[in-house]
Amino acid sequence: VFDTMLQTVKNRFQSMGVPSFPSAELLVFWGGEQLGFNAFRHNPVDYAPSVSCPVLFLHGAHDLRVRPEEADRVFEAIAGPKARTEFRDGEHDFNAARFPREWSKAVSSFLDENLPQVPDRVGVEDTAGRGKL
């Protein structure tokens, strides 16, 4: 997750070896004009404090498009339960395919910690007072 639209566009230019100024600013402005919104104000770091549901960040440590420090800013701003896994050799790609064991472990652990537990149906008392199910 990027922190600000402008920063992520700057990162894209820099990852291609192209100076970002003034092209990034022009692209953010024009993209927002084309889509009818102020793209300079599309900043997930500003929305993050209103997120109260559990969130799992899976991030590549060598991501040139969304740098770890930018993801950190959004992660820290999230109000609800959160967890983060950084793939040491990961980039801006589908880390589930590159690191299947680590990815599965992170997702499974997160779900185990954040999904409501469903009781075993055998021998569970019916809350309506009808005895055991």
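Modeller: The place of Asn38 is the loop between α2 and α3, where helices (H or I, at least four residues) and strands (E, at least two) are DSSP runs numbered from the N terminus. This is a predicted model, in which local features need pLDDT of at least 70 and side-chain atom pairs count only at pLDDT 80 or more, whereas totals for chains, interfaces and linings use all residues. Residues are numbered from 1 along each chain as its sequence is written, and side-chain values use heavy atoms, with hydrogens and water left out.

Colleague: Is Asn38 buried, exposed or partly exposed, and what is its relative accessible area?

Modeller: Buried means under 20% relative accessible area, exposed over 50%, and partly exposed in between, with a 1.4 Å probe and protein chains only. Asn38 is partly exposed, for its relative accessible area is 41%.

Colleague: Which backbone nitrogen does the side chain of Asn38 reach?

Modeller: A polar contact is a pair of N or O atoms within 3.5 Å; within protein, one must be able to donate a hydrogen and the other to accept it, and residues adjacent in sequence count only if both atoms are side-chain atoms. At 3.0 Å, the side chain of Asn38 reaches the backbone nitrogen of Phe40.

Colleague: With which residues is Val28 in contact, leaving aside neighbours within four places in sequence?

Modeller: Contact means heavy atoms within 4.5 Å. Asn38 lies ten residues from Val28 in sequence, and their C-alpha atoms are 8.5 Å apart. With neighbours within four places set aside, the contacts of Val28 are Met5, Leu6, Val9, Ala39 and Phe40.

Colleague: Which residues of the largest nonpolar core touch the most other members?

Modeller: A nonpolar core is a set of buried Ala, Val, Leu, Ile, Met, Phe, Trp, Tyr and Cys residues joined through side-chain atoms within 4.5 Å. The largest has 15 residues, and those touching the most other members are Met5, Val9, Val28, Phe57 and Ile78. Two or more residues of this core come from each of α1, α2 (23-35), β1 and α4.

Colleague: Why do the buried residues of α4 lie on the same side of the helix?

Modeller: In α4 (residues 68-77), the buried residues are Pro68, Glu70, Ala71, Val74 and Phe75. They lie on the same side of α4 because they cover an arc, taken from the directions from the helix axis to the C-beta atoms, of only 160°.

Colleague: How are the rings of Phe57 and Phe75 arranged?

Modeller: Rings of Phe, Tyr and Trp (its six-membered ring) pair if their centres lie within 6.5 Å; planes under 30 degrees apart count as stacked, over 60 as edge-to-face and the rest as tilted. By this rule there are two aromatic pairs. With centres 5.5 Å apart and planes at 75°, the pair of Phe57 and Phe75 is edge-to-face.

Colleague: Which parts does that pair tie together?

Modeller: Phe57 is buried, at a relative accessible area of 6%, and Phe75 is buried at 12%. The two parts are 18 residues apart in sequence, and they are strand β1 and helix α4.

Colleague: How are the planes of Phe87 and Phe99 placed?

Modeller: Both Phe87 and Phe99 are buried. Their rings lie 5.4 Å centre to centre with 10° between the planes, and the pair is stacked.
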